[in-house]
Amino acid sequence: MTTTLKSKLQDDLNAAIKGRDELRSSTLRLTLAAITKEEVAGKEKRELSDDEVLKVITREAKKRREAAEAFAQGGRAEQAEREKAEGEVLADYLPKQMSDEELDAIVAQAVAEAKAAGAEGPRAMGAVMKIVNPKVAGQAEGGRVAAAVKKHLQG
């Protein structure tokens, strides 16, 4: 039987608690709480699929990144470091992020495809995003993708 991502998180949490790894255990505990919250959010409790668990982890990691930036701008370096460290713990569970070069190549191809289909200029944004998103799912953040698409459409 394959282990689900959620049970891997739980196993890693138990290991972190045993190893007295406070950062890892608190990060995983919060993430598992977010997953549980998602599982009971609908009309009936359900088990999340690995893809859905990944979405929760991605969202949690994004929260850490944004909090780290906010703390850094507010001159609270210690909190910023903590958020960054928590984000790194979560990054271990996420698909490897694609490089800017890989993203650029996919976007360039999508822009060409959209052009061939008659979508050009700033209005092509939606058409291009539709082509790019499934190809980069989980490997590049929405904001990064949108920025790359804008850059290509202006060029």
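Mentor: Let us begin with burial: a residue is called buried when its relative accessible area is under 20%, and exposed when that area is over 50%. The model is a predicted one. By that criterion, 33% of the 155 residues of the chain count as buried.

Trainee: Why is Ser26 called buried?

Mentor: Ser26 has a relative accessibility of 15%, and the cut-off for burial is under 20%. Ser26 therefore counts as buried. The residue lies in helix α2, and, leaving aside residues up to four places away in sequence, Ser26 touches Arg82 and Glu86.

Trainee: And what makes Arg20 exposed?

Mentor: Its relative accessibility is 76%, and exposed means over 50%. Arg20 therefore counts as exposed. Arg20 is located in the loop between α1 and α2.

Trainee: How many helices and how many strands does the chain have?

Mentor: The chain has seven helices and zero strands. Read from the N terminus, the order of elements is α-α-α-α-α-α-α.

Trainee: How does the span of α3 stand against the expected value?

Mentor: The expected span is 1.5 Å times one less than the number of residues. For the 24 residues of α3 the expectation is 34 Å, and the helix reaches 34 Å from its first C-alpha to its last. The span of α3 is thus close to the expected one.

Trainee: Which residues of α3 are buried, and against which helices do they pack?

Mentor: The buried residues are Val53, Val56, Ile57, Glu60, Ala61, Arg64 and Ala68. They pack against α1 (5-18), α2 (22-39) and α4.

Trainee: How does the radius of gyration of the chain stand against that of a compact globule?

Mentor: For 155 residues, a compact globule would have a radius of gyration near 15 Å, whereas the chain has 19 Å. The C-alpha atoms fill a box of roughly 55 × 45 × 30 Å along the principal axes.

Trainee: What share of the contacts joins residues 24 or more positions apart?

Mentor: Among contacts in the chain with a separation of 6 or more, such residues account for 63%.

Trainee: What is the volume of the largest pocket, and how many residues line it?

Mentor: The volume is about 500 Å³, and 25 residues form the lining. Ala61, Arg65, Leu94, Gln97 and Glu141 lie nearest the centre of this pocket.

Trainee: Which helix gives the most to that lining?

Mentor: It is α3, with six residues. Helices α3 (50-73), α4 (77-91), α6 (125-136) and α7 (142-154) each supply at least two residues. By class, the lining of the largest pocket comprises nine nonpolar, seven polar and nine charged residues.

Trainee: What lines the second largest pocket?

Mentor: The lining consists of Asp51, Leu54, Lys55, Thr58, Arg59, Lys62, Leu94, Pro95, Ala137 and Gly138. This pocket has a volume of about 250 Å³.

Terms used: Residues are numbered from 1 along each chain as its sequence is written. This is a predicted model: local features need pLDDT of at least 70, side-chain atom pairs count only at pLDDT 80 or more; totals for chains, interfaces and linings use all residues. Side-chain values use heavy atoms; hydrogens and water are left out. On a 1 Å grid over the protein atoms alone, a cavity is a set of points where a 1.4 Å probe fits but cannot get out, and a pocket is an open set with protein on both sides within 12 Å along at least five of seven lines; lining residues have an atom within 4 Å of a point. Grid points are joined across faces, edges and corners, and a volume is the space filled by probe spheres set on the points. Helices (H or I, at least four residues) and strands (E, at least two) are DSSP runs, numbered from the N terminus. Ala, Val, Leu, Ile, Met, Phe, Trp, Tyr, Cys and Pro count as nonpolar, Asp, Glu, Lys and Arg as charged, and the others, Gly among them, as polar. Buried means under 20% relative accessible area, exposed over 50%, partly exposed in between (1.4 Å probe, protein chains only). Contact means heavy atoms within 4.5 Å. The radius of gyration is taken over C-alpha atoms; the globule rule is 2.2 Å times the number of residues to the power 0.38.
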